[in-house]
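Dear colleague,

I am passing on the structure below, and after it you will find my notes on what was found. Please keep the model open while you read them.

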Amino acid sequence: MEEDEFFGEKTFQHCCAEFIRHSQQIGDGWEWRTLKDSSEGYMCKTHFQIKPETLMSHSGASACVQTCLPIEEALELPLDDSEVTETTTGSQVIKYEYHVLYSCSYQVPVLYFRASFLDGRPLALKDIWERIHECYKTRLLQEPWDTITQQEHPILGQPFFVLHPCKTDEFMTPVLKNSQKINRSVNYITSWLSVVGPVVGLNLPLSYARAASEDENVHQ
Amino acid sequence: MAEEPESALQLPPSSTTDGEGPTEVSPETATPEPPSSAAVSPGTEEPAGDTKKKIDVLLKAVGDTPIMKTKKWAVERTRTIQGLIDFIKKFLKLVASEQLFIYVNQSFAPSPDQEVGTLYECFGSDGKLVLHYCKSQAWG
């Protein structure tokens with residue numbers, strides 16, 4: 001994190017670039033998209049997930065094994081074929097798109113996402129909620145409108161769900177202050193996404209944590 | 001882990017067979033009031049029996065988060081991050097509206113289903129896994 005007291009758009013783009021660099025190394029599928037004739041851009045990723053109702057523990061276990069090592073294959077399909085066949089009755093593949101944009105008004109990154117079935121039918125907010133990790137459900141059900149809302153994507157103009165950015169600063173500040181104290185740089189995007197991603201089904205492989213600390217590190 | 005270090009407390013088991021709370025191993029640690037329920041994690045991720053080897057976890061507070069009197073814990077490999085979060089929240093007596101985050105490398109939050117054993121393999125050093133925890137009013 002640079003000397004800036006706030007997280008400006010340049011820092012945003014720089015952090016995204018670093019993040020994507022690592023994503024490319026491990027085949028995690030993140031890309032940068034620029035707005036035509038503009039320096040503005042955003043980061044995005046698409047992945048497919050088997051409807052996780054009874055499979056949460058399995059997907060957790062297999063994710064553990066895979067996320068430790070940088071691997072060629074992205075976690076596009078976290079479950080292997082055997083687990084797919086076990087659940088063919090009523091199982092569905094959901095396509096998730098995650099977009100990371102910069103919010104000028106909040107001066108933080110914002111996570112936009114949408115999901116659809118393979119036939120193109122979009123998931124409604126209710127469907128999204130059902131798929132959120134158990135540990136976040138209580139919180140979200142108490143204050144759903146504060147946390148996930150549907151809004152127009154600022155660049156694409158299409159409806160997306162958004163994880164509201166108003167509290168981002170609050171949970172990021174201690175991490176950033178701590179990193180300054182120990183004189184180690186932190187990739188804001190990596191840290192932020194590691195916290196908010198799991199809420200909406202996006203789990204970052206652990207190798208991102210090592211990548212972020214490889215640049216400028218204080219020996220632990 | 002061949003032996004339990006002297007100063008590490010045992011994290012309460014998540015199974016319901018033991019309702020006594022942490023086993024006091026170190027004489028110098030005044031055991032704080034254990035959480036009222038010893039079942040601090042849902043236990044659905046625990047395989048039967050094969051959790052003999054425990055990981056030494058050192059918990060460090062970040063920011064204004066209260067510091068735990070006991071910082072070193074022996075944790076089963078299969079304990080998930082979410083299980084640890086639930087445990088620390090109860091231990092620190094956080095209210096429902098407060099969130100707790102756990103970080104490796106002081107900056108990266110592993111996903112809730114991530115197991116302590118895996119984290120130790122990736123980020124452990126000197127025989128222990130250092131995790132930083134931080135409380136916040138909300139995330140988003």
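Two strands are said to pair if DSSP finds at least two bridges between them, and helices (H or I, at least four residues) and strands (E, at least two) are DSSP runs numbered from the N terminus. The model is a predicted one, in which local features need pLDDT of at least 70 and side-chain atom pairs count only at pLDDT 80 or more, whereas totals for chains, interfaces and linings use all residues. Residues are numbered from 1 along each chain as its sequence is written, chains are lettered from A and ligands numbered from 1 in the order in which they are written, and side-chain values use heavy atoms, with hydrogens and water left out.

I begin with the sheet in chain B. Five strands form an open sheet in the order 1-3-2-5-4, with mixed pairing. Strand 1 (9-10) and strand 4 (99-103) of chain B are at the edges with a single partner strand each, so one side of each has no neighbour in the sheet. Strand 2 (residues 54-61) and strand 3 (residues 72-76) of chain B run antiparallel and are joined by five bridges, with B:Lys54 opposite B:Glu76 of strand 3. Strand 4 of chain B is likewise antiparallel to strand 5 of chain B, over five bridges, and here B:Gln99 stands opposite B:Ser136 of strand 5.

Is strand 4 of chain B covered, or is it open? Five of its five residues are buried, where buried means under 20% relative accessible area, exposed over 50%, and partly exposed in between (1.4 Å probe, protein chains only). B:Gln99, B:Phe101 and B:Tyr103 point one way from this strand, while B:Leu100 and B:Ile102 point the other way. Helix 1 (residues 81-91) of chain B lies across strands 2, 3, 4 and 5 of chain B, at about 130° to strand 4; contact means heavy atoms within 4.5 Å, and axes are lines fitted to C-alpha atoms, for helices over the stretch in contact, with angles from 0 to 180 degrees between N-to-C directions.

Turning to chain A, its secondary structure comes to nine helices and six strands, and 50% of its 220 residues count as buried. The buried residues of helix 1 of chain A include A:Phe12, A:Cys16, A:Phe19 and A:Ile26.

Leaving aside neighbours within four places in sequence, the contacts of A:Leu193 include A:Phe19, A:Trp30, A:Met43 and A:Leu204.

Finally, two loop residues may deserve a look. A:Asp37, in the loop between strand 1 (31-34) and strand 2 (41-50) of chain A, has a positive phi near 60° although it is a residue other than glycine, and it is exposed, with a relative accessible area of 80%. A:Gln107, in the loop between strand 3 (93-103) and strand 4 (108-117) of chain A, also is not a glycine and has a positive phi of about 55°, but it counts as partly exposed at 35% relative accessibility.

With best wishes
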